[in-house]
Amino acid sequence: MSYRPCGNYHQYYKQDHAWWQTKFVWGKMILLFIAVFYLFPQFAGMYLISIANVVGYTILSAMGVQLLIGYCGQVTLGHAAFLAMGAYTCTLLMLQLHIPYPIAMVMGGIVGGLWSVLFGLPSARVKGFYLIMTTMAAQFLTVEFFITQYVSQIGGRGVAFSIPPGAVKIGPWMIKDDKDVYYLMVILVVLLTVIMANLVRSKIGRAWIAIRDNDIAAETMGVNIVLYKLLAFFVAGFFGGIAGAFWVTSLAAVSPEHFHFGWSLWLVGVILIGGVGSIHGTIFGALFMTLIPEGLKFLIFVLTQNPVFVDIMPFLPLLLEKFLFVKEAAFGLAIALFLIYEPNGISYRWWQIKNYFNLWPFSY
Amino acid sequence: MEIFLQLLITGILVGSIYALVALGWTLIYKCSGVLNLAMGELTLIGAYVCLTFYHWGIPFVLALFFTLVIGFILGILTEIIFLRPMVGEPHLAVIMVTVGLAFFFKGLVMLIWGTDTVVFSPPVFPIQPVFLGKVVVGQVFLWAFVASIILLVAFVSFFKFTKWGLSMQATADDEMAALSLGVNAKVVYALAWAIAFMAAGVGGTLLGNINGLNISVGYLGLLVLPAVVLGGLNSIPGAIVGGLVIGILQNLADGYLSRFTPGGVKEVFPFAVMVIVLLFKPYGLWGWVRIERV
């Protein structure tokens, strides 16, 4: 909840329910849409667009994790498994059965959701740490075993899952380069964010939040916790499946390495840094986690170009060469430090700043 | 039958290493309630430190001893820097700090030592296998077993008979009561991490001796999780038995099931067992059953 600016009153319930409540917010959102749909793809280079695609993919993938951890309190460390199910289902349907991409994508989402429910079933009995273990097992059983050993073998190893250029198209719109992927990504992100935001403020979302805050109390209040937990797993898996099916568009070939255990942990890290229990948090986290490593890489690159710095710090070229590992270490350190010093995440700061200016200059 | 015996004995020998690492894990959980997901990386660090010492020409036993010392120091440092500020925070936050640590340590290890497989050269243990009746066992496995058992006995007697061990048990049992009786909880937590680092380091060194050392040894460290779930999270005998059982099951699955699948059974079978155990016996063999009240 955030405060409204001074002197801004609501007279109807409809105003209370509205997404964008003030003229300022309307203006801001319209500007944002223009920027995202027109200005950015028009003026940004290919490199920036490809980074934006990674950000979008991270947002899409982390949205399900946010739902499970942030809203329903069911910790998942195996979300990459559901992404993988979505991606593989979509690719199989598209390439083997020649089903159009949008339908294949939705089917991927549904399969991801059902798969997620399968591994969410233990949540009826166990919770907390034990659930973490089950979802972790989901990761290993699905990606390392089921997909690597069985699904990848369909049609000979590696053959069925290399996506020929121009294979992905929605009606007449062929998704062939990063710019097309970017538009698809933006549409999907907006769509999923709206779905998620509306779910969270409905009866279902309130039930999830009740389960998160205290599941036993929620049960005594008449919330069917097994049903709602499984529903949360389904929706999260569905989002994951859609994200996986989306990422197919920018991959030349789908392979199990895209959905390893590290990626599951990365997604949890994204929402922790962005802020747990906040949709803004997912977006901030994804931005932070993608842009900071890129910035770091850029910084190291610039420093290596200048011989003065290389003289002072002779390990710089090595760092650039092994940047992947630097990134991993920096990510780990960032998670740990954020949790120690800023446990509410970036979105909490954002909320504070926003409210400060909403009530400015009379903040009491 | 011979195949079965062979698999069983190899399983027990490898399982003893898992038991050692699982013991360290359980210790942290028992004393401070932290679920440590960085155990695999602790094994990696210990293994690489020992390897470095060994390649400097230090005899293996001495290198192992130095590894223990370094593990002790690193464990205390980790606890003070990362875990102490998290006392009293929500469980998920603490777990995720250990996940962050896992990434951090892994990144550092790959940065410092690279990703290529390295072996202890010259080999620490003779290559000739030993015949136990009809069962053939590599000497590496046998020595690893002996080392694990020695350390297991040492750690368990540390808990049973020394002052610090007893204060760790007291903290695990009831933190409030222990504090009011004058147990220094900070020292206990730091000690738990130090011992976990030491145990993991030795475990990693032994595993590295068996198959060579690369980043995937850290994955073997993850196998302690099925082991501790099987034994019950806060039971030290449970961790030891769980480690042995997981070792045996892994080898049996490799021997009997891998012909029915394209491969990979050995890696995932412990996790499948874990899910089944969780479904039917969520508190493991000897874990404490918690009754939750609102």
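Hi everyone! Please keep in mind that we are looking at a predicted model.

Let's start with chain B. It has 12 helices and 2 strands, and along the sequence the order runs α-α-α-α-β-β-α-α-α-α-α-α-α-α. How does its radius of gyration fit a compact globule? For 294 residues, such a globule would come out near 19 Å, and chain B has 19 Å, so the two agree. Along the principal axes, the C-alpha atoms of chain B take up a box of roughly 55 × 50 × 35 Å. As for burial, 53% of the 294 residues of chain B count as buried.

Now, where do the chains touch? Chain A brings 37 residues to the contact and chain B brings 39. On the side of chain A, helices H6, H9, H11 and H15 each supply at least two residues. Which of them gives the most? That is H6(A), with 12 residues. By class, this side of chain A has 26 nonpolar, 7 polar and 4 charged residues.

Last, a helix pair inside chain A. Helix H3 (residues 46-71) and helix H7 (residues 178-200) of chain A pack at about 20°, with axes 9 Å apart. Angles under 35 degrees count as roughly parallel, and therefore H3(A) and H7(A) are roughly parallel to each other. Their crossing is left-handed. The residues that meet include A:Gly56, A:Leu60 and A:Met63 from H3(A), and A:Met185, A:Val189 and A:Leu192 from H7(A). In total, this helix contact has 17 nonpolar, 3 polar and 2 charged residues.

Definitions and conventions:
Residues numbered from 1 in each chain as written. Chains lettered and ligands numbered in written order. Predicted model: local features only at pLDDT ≥ 70, side-chain atom pairs only at ≥ 80, totals over all residues. Axes fitted to C-alpha atoms, helices over the stretch in contact; angles between N-to-C directions. Helix = DSSP H or I, 4+ residues; strand = E, 2+ residues; numbered from the N terminus. Parallel < 35°, antiparallel > 145°, perpendicular 65-115°, else oblique. Left-handed = near helix turned anticlockwise from the far one by under 90°. Contact = placed C-beta atoms within 7 Å. Nonpolar A, V, L, I, M, F, W, Y, C, P; charged D, E, K, R; others polar. Rg over C-alpha atoms; globule rule 2.2 N^0.38 Å. Buried ≥ 20, exposed ≤ 12 C-beta atoms within 10 Å, placed from the backbone.
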